[in-house]
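This short report is for a reader new to the structure shown below. Please keep the model in view while reading.

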Amino acid sequence: MHSWFLLLAIGPRLMLLTAFLLAAVLFTGCGSQSDPASAALPPAIPASQPVLLFNGTGTSADVAAVQAVLNTLGIGHLTADSAQLNAMTEAQLAGYKLIIVPGGNSIEIGKSLSGSAAANLRGAVQQYGVHYLGICAGAFFGGYSVYNGANLTGGVPFQFYADEFKGIHQEVVELSFPSGAPLDVYWEDGPQLAGWGEVVAKFPDGTPAIVQGSSGKGFVIFTGVHPEAPADWLGSMKLKTGIDADHAYAGTLIEAALQGTALPHF
């Protein structure tokens, strides 16, 4: 009898406590469901600095050459070295409009980065729609590579331009375009870009020197040559079309990559 009266006495309290705990669990569950979505949102990157320029291990003086063009265009940018890029999440990378990986040594670039860094870069481009500009080594790295490439090409690797196999490592090459006059551009151990994308410019042997295309939601430009090269890179080599024309075209490539605007192609 006493036990039955006790249950009656505490029953309402027990039901109230149970309801309270259930409400608390449901509230916590909603919160935990919303947290990942909030974490996935890109952080706010200043609109005045829409470009992230990689300047880590393996990059060369090309970093300064690209910065000079960005400054001429009035495009703000931030830089990230290898350690910083390794520490960045996919969502943080997604806060930028354009990621540029310049020239240098693509093997050292890839080795300096973790597998997750390459995957995060790829995810930022393909899932969030960040654009990518890969210049020479940055093009090798942006394609498929056993040296931890970003693989924005769906498994397509790039090979050296043919003159590399003739023992030539630096030269001026004449690029042809689908319309307009040819352009003399500095080349140094860069790739020809057959097998992926639309061909924007061709090497003298007809292989692709500059290509463009979509990678998931992102827009990508790869160039195997250096229109941004400063005069002191040329030494005794001459540009028939002039260095100002090259730098102007470097600006065209950066603007197109930043805005995701396709260039005329073959």
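Tyr147 sits in the loop between α7 (137-142) and β5 (159-160); helices (H or I, at least four residues) and strands (E, at least two) are DSSP runs, numbered from the N terminus. This is a predicted model, in which local features need pLDDT of at least 70 and side-chain atom pairs count only at pLDDT 80 or more, while totals for chains, interfaces and linings use all residues. Residues are numbered from 1 along each chain as its sequence is written, and side-chain values use heavy atoms, leaving out hydrogens and water.

Tyr147 has a relative accessible area of 37% and is partly exposed (buried means under 20%, exposed over 50%, partly exposed in between, with a 1.4 Å probe and protein chains only).

## The open sheet

An open sheet of seven strands has the order β2-β1-β3-β4-β11-β10-β9, with mixed pairing; two strands pair if DSSP finds at least two bridges between them. Its edge strands, β2 (77-80) and β9 (198-202), each pair on one side only.

Within the sheet, β3 (residues 98-101) and β4 (residues 131-135) pair in the parallel sense over four bridges. Ile100 has Leu133 in β4 as its bridge partner.

## The β6 and β7 pair

Strands β6 and β7 (residues 183-188) run antiparallel and are joined by six bridges. Glu171 stands opposite Trp187 in β7. On β6 (residues 170-175), Glu171, Val173 and Leu175 make up the covered face, whereas Gln170, Val172 and Glu174 make up the uncovered one.
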